[in-house]
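This report describes a structure shown below together with its sequence.

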Amino acid sequence: MLIHPKARFRPYKNASGGWGSAFSVMTILGRERAIARSTGALLKLNKHAGVGCVSCAWAKPGNPHAMEFCENGAKATAWELTTLQAGPEFFAAHTVSELRNWPDFDLEQKGRLTEPLRYDAVTDKYLPTTWPTAYEQIGGQLRGMDPDSVVFYASGRASLETSFTWQMLARAYGTNNLPDSSNMCHESTSVGLQASIGVPVGTVTLDDFEQTDCLIFFGQNVGSNSPRMLHPLQEARKRGVPIITFNPLRERGSERFVNPQSPVEMITPKATAISTQYHQVAIGGDSAALLGITKALLELDDTELAEGRPSVLDHDFIAQHTEGLDDYLACVRRHQWPTLEQRSGLSRGALEAVAKVYARSERVILVYGMGLTQHRHGVQNVQMVVNLALLRGNIGKPGAGLCPVRGHSNVQGQRTVGISEDPSKVPAGRFAELFGVKVPEKKGLATVDACKGMLDGSVRGFISLGGNFIRAVPDTSRMEPAWQNLHLNVQIATKLNRSHLLPGAHSWLLPCLGRIEIDRQNGVAQAHSTEDSTGCIHGWWGHAEPAGEHLRSETAIITGIAQATLAPNPQLDWQAWSQDYSLIRSAIAASLPDAFHDMNRRMWDKGGFHRPIAACQRQWNTPSKKAQFFTPLTLAEDDDVLVGGLRRDVLQLMTIRSNDQFNTTIYGYEDRFRGVSGTRSVVFMNRSDIFRLGFEPGQWLQLTTAIEPEVVRSVGPLQILAYDIPQGCCAAYYPECNALVPLWHHAEKSKVPASKSVPVTLKRVERGEGQVACEMPSAGLVA
Ligand SMILES: Nc1nc2c(c(=O)[nH]1)N[C@H]1C(S)=C(S)[C@@H](COP(=O)(O)OP(=O)(O)OC[C@H]3O[C@@H](n4cnc5c(=O)[nH]c(N)nc54)[C@H](O)[C@@H]3O)O[C@H]1N2
Ligand SMILES: Nc1nc2c(c(=O)[nH]1)N[C@H]1C(S)=C(S)[C@@H](COP(=O)(O)OP(=O)(O)OC[C@H]3O[C@@H](n4cnc5c(=O)[nH]c(N)nc54)[C@H](O)[C@@H]3O)O[C@H]1N2
Ligand SMILES: [Mo]
């Protein structure tokens, strides 16, 4: 096990990017012993017909930089191409109960899985098995189960080909139980944008960034989570484009950036200031802030009209393209400034300053991330952003639009090719006609409902295409015992994680190739494809030799399970699909011709090909055929406990990512930009809250969820860090704090867990001096 450095906090004075980034990349390449294996792949990352980065989903430019990757892309590459291995000897040496006590970091740090394994309850170990045996036994289990009791989970990394095959397997087997990591992520976008503008995805492309004259960010941490996006932002800033950021934390990447690939910037101390206005909105305060901006915009409009100047609202656009303005404006007028200031945590002056910039900009891009979607009112937050865009016609014109920044590298694409619990999202008629697969009519389970099914025992089987479900979902302490009651648990994975260590009655761990590895079928290298955050589809090749001879591709594993489970189907040749992925692409193209016609050719176009997004053409696929202004019922119903409200001992907790992690994969204990080093066991608090509540920085706290008093959800000990965060708010790391999030505490309509707004109380606990706080905090639940 790695010896962790001593916990340390020292404010980070540098920009994001720069030498800090370069050192961080070299450290992980060295530690993973992956320098030789990764270098070639890194040079091809995100380039035309090159290697698709397995980190984030940010757009891949047609004219890439010499090195079109970022610190986190390099880390993700090193993580996948590590030469460390967790082979059968490793599993022979450790029981599953023992491994369960290891931190997430140590588990994945053991390296790549190399052989198919089956859990043996007698020895409490994973024992080697063979592929044919595994398929046959899994198929046998599946044949004996009710399809409605089996869940097919996908994490957003799998390619379009794999994802299409995956959903076909679930449907041919007889279920729409297809939860996806996006159910915990941008599902608020899919629901909110669909209702407001008739498409479930954003409306901008990279070209828009070159033409925009203003960018506004809500709750998206660009410097850590989509760092390549800093390049277009830096260029925009050089053109004098204002960038306004709403975030409770002053995230370094949103403040200033040094391009680590620019020799001049690296040797001169010249960072680009990214945000021209930075508003530290209270957690959950964005809807109020957006209402306030609109109120200020209306006041500005009154002045302009009174002085004989044109309106600041785009009345032509509003009349021709939208519906519901009057109701919305009445709601805006009804809300008084003191309420909006209190709920947003921002002053009227600050929101007026935003309105001024917005009113004088012709082409505005509105960017957002988990800071908006992972709230009780996540869908409303998204729709309020749309409202702001509609007021000035900022959708469907060059340089303007909505930019939800997706997480996993193909999470948007997975949904496009049919991974959804909702059968109306797939072309059922074509599936029946082309492949003889009848899509079940019954709606399936998404993530939260799949969890409920585990708790009530109706979900008996779980098959996972990547990801770390049990660590990513909320309510850890209730979910983990339920997960162990599963009858069947099959995990297709590259690295060992906690979801593998709570086995059910029959459990397999099936090691697969990563996307950066060469995937040969019958000796012929296979390409694959992904869709990025801007709806652009690209073809990629694997680059490195596989980590082991026993690994199979994800597609091969899925088709292997399909053949062992399903009766032969003359219209669907799984074997042929597994041997030649171009046949899967042809099947995608035939199923979804509008988006994917000629996919096999077009995915190699320089810069990829864009699938048509109706809203970009100002065609609104809503019931009324207009874009909808959305009127919030109230701003207060957002929170189970009001921020700064009646209970002064309650703080609003957001669960955040460090710069040194990718979701549940912990690369290390350095959150460089936030100045935290050697630990993840911290709670970021406002200094006045610390003293008001009778604590001192450096003390240890136990956090307890302050809703549903009959269930105790508690995590700790976490060490207090005095930090620049609004009063009434606090922050701590995901996934360690997931035990605090009640399963039912999710966004209305989208059911995205409200991981960014959990009311908590804090209690002082003892902790030995000088101890290294690197373990997983112990989570406890008393029912
Ligand atoms: N390096 C790295 N890259 C990643 C990932 C990773 O874990 N590591 N994960 C990938 C995935 S799957 C996803 S979904 C994305 C996630 O990327 P983001 O969408 O950036 O998600 P988070 O980092 O969870 O949170 C974003 C920001 O929201 C702010 N925030 C919290 N609450 C509020 C609020 O109420 N209002 C506002 N305005 N802001 C708020 C937080 O301070 C934080 O800076 O990144 C992807 N890329
Ligand atoms: N409290 C809280 N909870 C959250 C969030 C939050 O902000 N706060 N964020 C949510 C979000 S946005 C998301 S997207 C989810 C993430 O949920 P998931 O997508 O389920 O989790 P990951 O951590 O991305 O999965 C990591 C695992 O994927 C496997 N893996 C990696 N590469 C491959 C591959 O190529 N193929 C296969 N088959 N397996 C692979 C490895 O075994 C690795 O351990 O978590 C959600 N949960
Ligand atoms: Mo995500």
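## Sheet, ligand shell and backbone geometry

Phenylalanine 246 stands opposite histidine 279 in strand S12. The model in which this pair is found is a predicted one. The two strands concerned, S9 (residues 243-246) and S12, pair in the parallel sense over three bridges.

Both strands belong to an open sheet of five strands with parallel pairing, in the order S12-S9-S8-S14-S15. Its edges are formed by strand S12 (277-279) and strand S15 (401-404), each of which pairs on one side only. On average, and with direction ignored, neighbouring strands of this sheet are turned by 15° against each other.

Two helices lie across strands of the sheet. Helix H21 (residues 378-391) lies across strand S8 (214-218), S14 and S15, with an angle of about 175° to S14.

Phenylalanine 246 also takes part in the surroundings of ligand 1, where a polar atom of its backbone is 3.0 Å from a nitrogen atom of the ligand. The table sets this distance beside those for two other residues.

| Protein atom | Ligand 1 atom | Distance |
|---|---|---|
| Asparagine 221, polar backbone atom | oxygen | 2.7 Å |
| Phenylalanine 246, polar backbone atom | nitrogen | 3.0 Å |
| Glutamate 251, polar side-chain atom | oxygen | 2.5 Å |

On its own, ligand 1 has 910 Å² of accessible area, and the protein covers 99% of that. Elements giving two or more residues to the shell around ligand 1 are helix H11 (222-225), helix H20 (370-373) and strand S26 (661-662). There are 29 residues around the ligand, and those that come nearest are Asn225, Glu251, Asp286, Gln661 and Asn663. By class, the shell divides into 10 nonpolar, 15 polar and four charged residues.

The remaining points concern the backbone. Which residues does a cis peptide bond with an omega of about -5° join? The bond lies between glycine 716 and proline 717, and proline 717 is part of strand S32 (residues 712-722). A cis peptide bond also joins tyrosine 734 and proline 735, with omega at about 5°. Proline 735 is placed in the loop between strand S33 (729-733) and strand S34 (758-765).

Lysine 625 has a phi near 65°, a positive value in a residue other than glycine. This lysine 625 lies in the loop that runs between strand S23 (609-610) and strand S24 (627-628).

Methods. Residues are numbered from 1 along each chain as its sequence is written. Chains are lettered from A and ligands numbered from 1 in the order in which they are written. This is a predicted model: local features need pLDDT of at least 70, side-chain atom pairs count only at pLDDT 80 or more; totals for chains, interfaces and linings use all residues. Side-chain values use heavy atoms; hydrogens and water are left out. A residue is near a molecule or strand if one of its heavy atoms lies within 4 Å of it. A polar contact is a pair of N or O atoms within 3.5 Å; within protein, one must be able to donate a hydrogen and the other to accept it, and residues adjacent in sequence count only if both atoms are side-chain atoms. Accessible areas come from the Shrake-Rupley method with a 1.4 Å probe; for residues, only the protein chains shown count as cover. Helices (H or I, at least four residues) and strands (E, at least two) are DSSP runs, numbered from the N terminus. Ala, Val, Leu, Ile, Met, Phe, Trp, Tyr, Cys and Pro count as nonpolar, Asp, Glu, Lys and Arg as charged, and the others, Gly among them, as polar. Two strands pair if DSSP finds at least two bridges between them. Axes are lines fitted to C-alpha atoms, for helices over the stretch in contact, and angles run from 0 to 180 degrees between N-to-C directions. Contact means heavy atoms within 4.5 Å.
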